[in-house]
Amino acid sequence: MQFFIEVLIGGLLSGVMYALVALGFVLIYKASGVFNFAQGAMVFFAALSFVGFQEVLPARFGMEAGSAAVFWLSFLLAFATMVVLGIATERIVLRPLVNQPPITLFMATIGLTYVVEGLAQMTWGANVRGLELGIMDEPIGWLMDDYGIGVSKFDLFAAGVAASLVALLAALFQYTKVGRALRAVADDHQAALSIGIPLQTIWRVVWAVAGFVALVAGMIWGARNGVQFALTFTALKALPVLILGGFTSVPGAIVGGLIIGASEKLAEVYVGPLVGGGIEGWFPYMLALAFLLVRPEGLFGERHIDRV
Amino acid sequence: MKLKHSALLGTALAGLLASSIAGAVEEQFIGLPSYRVGPYAAGGSGVFGGWIDYMQLINERDGGINGVRLTWEECETEYNNARGVECYERLKKKGSTGNTVFQPVSTGITYSVLDKAAQDKIPVVTIGYGRTDAADGRVFPWVFPLITTYWSQASAIVNFIGAKEGGMDKLKGKKIGLLYHDSAYGKESHAILDKLAAKHGFELTKIAVAHPGNEQQSQWLQLRQLKPDYVILWGWGVMNPTALKAAAKVGYPREKMVGVWWSGAEEDTVPAGPAAKGFTAAGFNVAGANYPVVADIKKFVYGKGKGNMEDKARIGSVYYNRGVVHGLITVEAIRKAQEKYGKGKALTGEQVRWGFENLNLDEARLRALGATGFLPPLKISCADHEGPGVVKFQQWDGNQWKVISDWVESDRPLVRGMIEESAAAYAKEKGIKPRDCSKEG
């Protein structure tokens, strides 16, 4: 039982990490109806920019390496980079495609993925970097000593960050004028334009916020596994989360993440050995597929009704 | 007058032609299917950087191989099979004699070009990857998995663990966990490790990690329950630092983890930070810039501003030195082939294939090349396209790799027996008649 609980808690906390990436997808889909295929590449670019600035600031400007000043300035510069990327995406990719079918916008983001991946390596090089956030990825002592259950301090920190982000984004969507405008744009571009909502500004805002979410997700995943191209693969973990939680729901991303994280770990441990192991790569997709048959809009997604 | 003028012009032209022929420099072309962008760019930029630097060294310091200057062209594969095949086709007819040798540093691309290369008479050299049974040169005359193969490596790792325990007999009853990348590459070790487990009496538990391996919580919880005496890490890419961090998280000692050569580079340990300290990995080349061959590269190549590496701190890293090994072996095979087909001449791929098959880098030759201990002595023959099948072990001290063993051998009779068995099955399936090596010159 103790082992089961440990696997379950570990899975839930992993699920939060997936949800962090899924949030970026939800944000852009909710506000613009675009499934942003480039979200994984944005996570990579954001994290790489952060560690890149951490290297450049001490080397070029004589700042003290590893200092808080370098950390926060790097964070701000990386965020500014993501804002510029967001604005450029709106100007170059999205603006010419206003009122085009969603599949066109989706295809454009596939192209954007390659551009962002190439841009990241061209700007900062292909070297693999480490990233320390000052929180050790080790078990909490008393839980381990008293109950024999290993719960990572780092995973708990990531869960806290994700919870804060969700609260922040939920408040943004529900209680601010910008948030209401974002939802209006998501419903219908033309209708939103006709009542005076500045579509271009809204898109810039939403891509900048998605850039911020990508930066946070990139830093958490980068601290865990290193800042390297594989960060783009985190998007693969987010997809079943989105299917389960719904593409338009911020809380759905979290709940979806928890379900996917817990179920894939339990499946790997208890079912994996029966079928040769290594099933957590595809198991979440099977689960999401099964879920689609019952509830196509996801747990918290908006039900789509068409007049026929 | 007109006649005199024409005669003068003709003489001048003939002189010009003669002088250009006399001054013509032979060139040997080497196509490089590199990957400097995409998911595996970190490794690719190191390997191909070191490789190009070594060839540049031969041109700058020695004026080429017996006067034949090396030329090369990179073709970006992004580690993608389709692009690899495209690069193979694009490069194969370049240079005066065509591409000398194809070394894709990718098992997938290797498999894709094996048949084509044999038809085009271009040797395929796969150092540390590719088909293990291609070490049987009687069945695979055009393929050279040089120095060592995955099977030899697995066996050498078990021998290393046995030595740590105080003898192979001490392995009886021990538990060894194999944490492997769930792919053909990761499963390549299963057959040999099963045989070794049966032979030495240790308990082998295989645990798969789904690609890309950036989540390993459940695997390490399983390993914590199992309490293995050692864990062999058969990883790739992000799976390696993730494994080291996850091991630290469950309190498994990194000193008890032994990685393969695709788990044992700075790119695998640096991202894991302090969690990597104490981790040991196998390698058919070692890290370090304090070898005369690397010092010469710094002096003759970087000293003239012709170095390939943007980040000079990576000179002497595991991947960089692996590239130098690729360059060194290629150059020595061409040199050997020139002994038979003519010194100072550009050679065809078919002629260079002979050079690979008769390569003999003994201790004396390695010393002359400034590479003693950098790679193992290597002797290739018609039947044996692998060579020594040995590895050294290096341990990460938190900042760099430190060599902690001499060259460790594999269970040669067992490995070679498996290679021959597998190659014979392949030959039967494909209708290939193995070469009679006694008739090869």
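Which residue forms a salt bridge with B:R314? The views below lead to the partner and then to the contact between chains.

This is a predicted model: local features need pLDDT of at least 70, side-chain atom pairs count only at pLDDT 80 or more, and totals for chains, interfaces and linings use all residues. Residues are numbered from 1 along each chain as its sequence is written, chains are lettered from A and ligands numbered from 1 in the order in which they are written, and side-chain values use heavy atoms, with hydrogens and water left out.

**View 1. The two domains of chain B.** Domain 1 covers 26–148 + 289–379, and domain 2 covers 151–283 + 394–410. These bounds come from an automatic or database domain assignment. The C-alpha centres of the two domains of chain B lie 29 Å apart. Domain 1 brings 17 residues to the contact and domain 2 brings 15. Contact means heavy atoms within 4.5 Å.

**View 2. The area buried between the domains of chain B.** Domain 1 and domain 2 of chain B bury about 1,500 Å² between them. Buried area is the accessible area (1.4 Å probe) that two parts lose on being put together, summed over both. Carbon and sulfur atoms carry 62% of it. On the domain 1 side, B:T132, B:V318 and B:Y319 lose the most area, together 33% of what that side buries.

**View 3. The salt bridge of B:R314.** The partner is B:E267, with the closest N and O atoms 2.9 Å apart. A salt bridge is a side-chain nitrogen of Lys or Arg within 4 Å of a carboxyl oxygen of Asp or Glu. The rule finds 1 salt bridge across the interface of domain 1 and domain 2 of chain B.

**View 4. Chain B against chain A.** Chain B gives 34 residues to this contact, and chain A gives 40. The two chains bury about 3,000 Å² between them, 53% of it on carbon and sulfur atoms. B:N214, B:E215 and B:K249 supply 22% of the area that chain B buries here, more than any other three residues.

**View 5. Salt bridges and helices between the chains.** The rule finds 5 salt bridges across the interface of chain B and chain A. One of them joins A:E6 and B:R224 (2.6 Å, N to O). On the side of chain B that touches chain A, α8(B) gives the most, with 7 residues. Helices are DSSP runs (H or I, at least four residues), numbered from the N terminus.

Note on methods: Helices (H or I, at least four residues) and strands (E, at least two) are DSSP runs, numbered from the N terminus.
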